[in-house]
Every structure is written in structure tokens, then in C-alpha cells.
Amino acid sequence: MRPAMTSINKTQLPAMRLKDIQSCMKLWKQPMYRAKQIMEWCNKGVLDPHLMRTLPIPLQNRLSEELLCMPLSKKQMLESKDGTRKYLFHNQKNRLAESVFIPETTRGTICISSQDGCVFDCPFCHTGTLPFNGNLSCGEITAQVLMIKNDLRENPAHNELCGVVTHLVYMGMGEPLANEDALHQSIAVFLDKHGLNISRRRITVSTSGVVPAIQRLGEAFGVNLAISLHAATDKLRDELVPINQKYPLHMLRECLDAYPLPKQRHITLEYVMLAGVNDREEDIAALRAFVNPEREKLNLICFNSFENNPYKSSSTEHINQFSQALIKHGIRTTVRRSRGSDIMAACGQLAGKEHG
Ligand code: SF4
């Protein structure tokens, strides 16, 4: 007798593209149009087969028995007064995924996690201080988006804000390029024209700078790229972004110059503003030497402080002056407004509380 498959090892429905569901229907001797019906429910964020009302009950039962349709469960949701929603999900091994929905008047962005924790140890990053509990699977990455879509359908965002998901950013917990297979599979699911059909111009992968994997990402998908730069000299970056010791700035430079950019797009260089650490005159000079203004833009980020962390954010006034100085030198510079600061905005804070 074949041993029963544990639900953890089952194929995960949110990781399936239309062609995968079609193969499954063929195997189960179901009419092909059932695959499209299942895909339509998934696209709405309905992953529970018993809620897929257009399917016959025996097929609903079979789906729920043979596939892992809901690899994540919602543990918590906090809503900020600015409309930002922060979600905490868990899988069957109690691995956590933190995701954020950020509504703006013309777009809605979901920030997704790729790992529970992170081994890269950037000292200013809350996620870096958490124990590493493992990679999220492709289905667990895509389920974050589908479950948020479902939640938004059931509880629409405030009227004046956009309640529709238009953009995805891999900027939650974890280093996406350290979970490369699941990252690539999940991007393929998001791009699938029968699935969510999100344009590659609306998907951004943020990385601390895993150079060979950036090259592979560019070749495979050419999605938008964001780099956690945070320092423009090796001395300081070795400290703030330790992966720099393995892939120093000259290697990152070469890799960014070769990255296939969609037309009129820029690579975003993320730069968290730490008072007295990377916000000095000499840092402006280092940025001028490093940034390629033709292809890159700099995004200055206010630091969200958290307990037991020595760093402090630069003041708003100083960030504005720093930004103006860079703009004067021809570097396209923006300042990221902090969203959801009343709901533990630092990435990994909700998960950290849960892991204790
Ligand atoms: S900044 Fe990114 S790579 Fe660095 S510890 Fe945090 S999650 Fe990991």
C-alpha cells in the first residue's frame, strides 16, 4: 500500500499555473473547463475548494483531499490609520510570513516575504535579528498575495484609497535571492497570463546584493530590481550589509550595469538613513562616485527604530538636506514616506513578537 502523503508534501494549489491545473484535471478525468473555473477562483483569492461554488461537490472534496489548497493561515492583521494593512500568516510548520498591503490613490502594492527570518544579518534590520526558520515555498509566497486579495474583497480598503492589487514587491522578510527556486517559480505564477497576469514592470525584487543570482534573475525575467545599498564604500557596507564582504561594490557595479532594464525604468538603490552613520558629507561623495544616474535612482528611507537596536534615524530635516544635495549633483533621489508607522512598521516586527 502506498503511504499516505502528508499534507506538507502535497502539491500546493497557489503554486499551480493553468497548465498544471489542466494536467491535474486530465489525470482526474475531469472536463478541461474545470481547470479554468478553479483558476478563476484562485485569481479572486478563493483557495478553499468548498467555497468554489461552480464546482461539483465531489471535485471540491477531491481538491481539498489531494492538494494543499491553503498552505497558509492568517494569524493576525493590523490596519494602520493610513490604510496600510500588515498581515501575519503561518504555515503548517509554524513558519511565519509577514506581508503588507499599501494602498495609494492610484495603486495598491503588496510587499511579500520569501523567508521566515534571514541569515544575512544586516545589523539595522529587524528581520536580521530573528532566528532563521527557513525558506517559504512558492505556494506560500503566492498565497500571501491571494489571501490578501481575498481579504480586500471581503473588507474593502477605505474608499479614497486604492483597494486593488497592482504592484508586488519582494521586500518583506528574507533575502529573496537566497530562496531562488521558490522566487523564480512564484514570479512565473504571478506573470502567468491566465493567473494574476501581473506585468514584469510591476514586480520588484529587492536584494542585498547576491550578485550571481541578480544576473540569473535578469536573464530569466527582467523584473524591476531594488538593491539594499545603505552605504557606498566597502568599509561601511561590509558592516551594514555583510553580504558585501562576499560581493563587494565593484562586483555589484558590474552586475547592475549589465542588468536588463525595462525601457524607461531605473534600478532603485535603497538607502536607510542612519544618523551619524551613513548620512555624512563623505557619504554624499561616496554616493556620487557609485551611483549611475542614467540607470539608477536613490530612495532614502526613514529608519523605523526597534527595541535593543543602537541605530537612530536621521531627522526629517537632515534627510531633506541630504536628498537636495544629491539632486543637485544629478542623482535622482526620492524620500520614502513611512507607511503604517503605528502598526510595527519595521519589517519582521510582527513575526518577531510571535516567535518571542
Ligand atoms: S536587510 Fe534584507 S538581507 Fe539584510 S537582514 Fe534584513 S531581510 Fe536580510
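User: Before we start, what counts as a salt bridge here?
Analyst: A side-chain nitrogen of Lys or Arg within 4 Å of a carboxyl oxygen of Asp or Glu. Keep in mind that this is a predicted model.

User: Fine. How is the protein chain divided?
Analyst: Into domain 1, residues 7–66, and domain 2, residues 73–355.

User: And how many salt bridges are there between domain 1 and domain 2?
Analyst: The count is zero.

User: Which helix gives the largest share of domain 1's side?
Analyst: Helix H2, residues 33–44, which supplies four residues to the side of domain 1 that touches domain 2. By class, that side of domain 1 holds eight nonpolar residues, four polar and two charged.

User: How much area do the domains bury between them?
Analyst: About 1400 Å², and 58% of that is on carbon and sulfur atoms.

User: How far apart are their centres?
Analyst: Taken over C-alpha atoms, the centres of domain 1 and domain 2 are separated by 32 Å. The contact itself takes 14 residues from domain 1 and 19 residues from domain 2.

User: Switching to the ligand, which residues surround it?
Analyst: Cys118, Phe120, Asp121, Cys122, Cys125, Gly128, Gly174 and Ser208.

User: How does that shell divide by class?
Analyst: Four of the residues around the ligand are nonpolar, three are polar and one is charged.

Methods. Residues are numbered from 1 along each chain as its sequence is written. This is a predicted model: local features need pLDDT of at least 70, side-chain atom pairs count only at pLDDT 80 or more; totals for chains, interfaces and linings use all residues. Side-chain values use heavy atoms; hydrogens and water are left out. Domain bounds come from an automatic or database domain assignment. Contact means heavy atoms within 4.5 Å. Buried area is the accessible area (1.4 Å probe) that two parts lose on being put together, summed over both. Helices (H or I, at least four residues) and strands (E, at least two) are DSSP runs, numbered from the N terminus. Ala, Val, Leu, Ile, Met, Phe, Trp, Tyr, Cys and Pro count as nonpolar, Asp, Glu, Lys and Arg as charged, and the others, Gly among them, as polar. A residue is near a molecule or strand if one of its heavy atoms lies within 4 Å of it.
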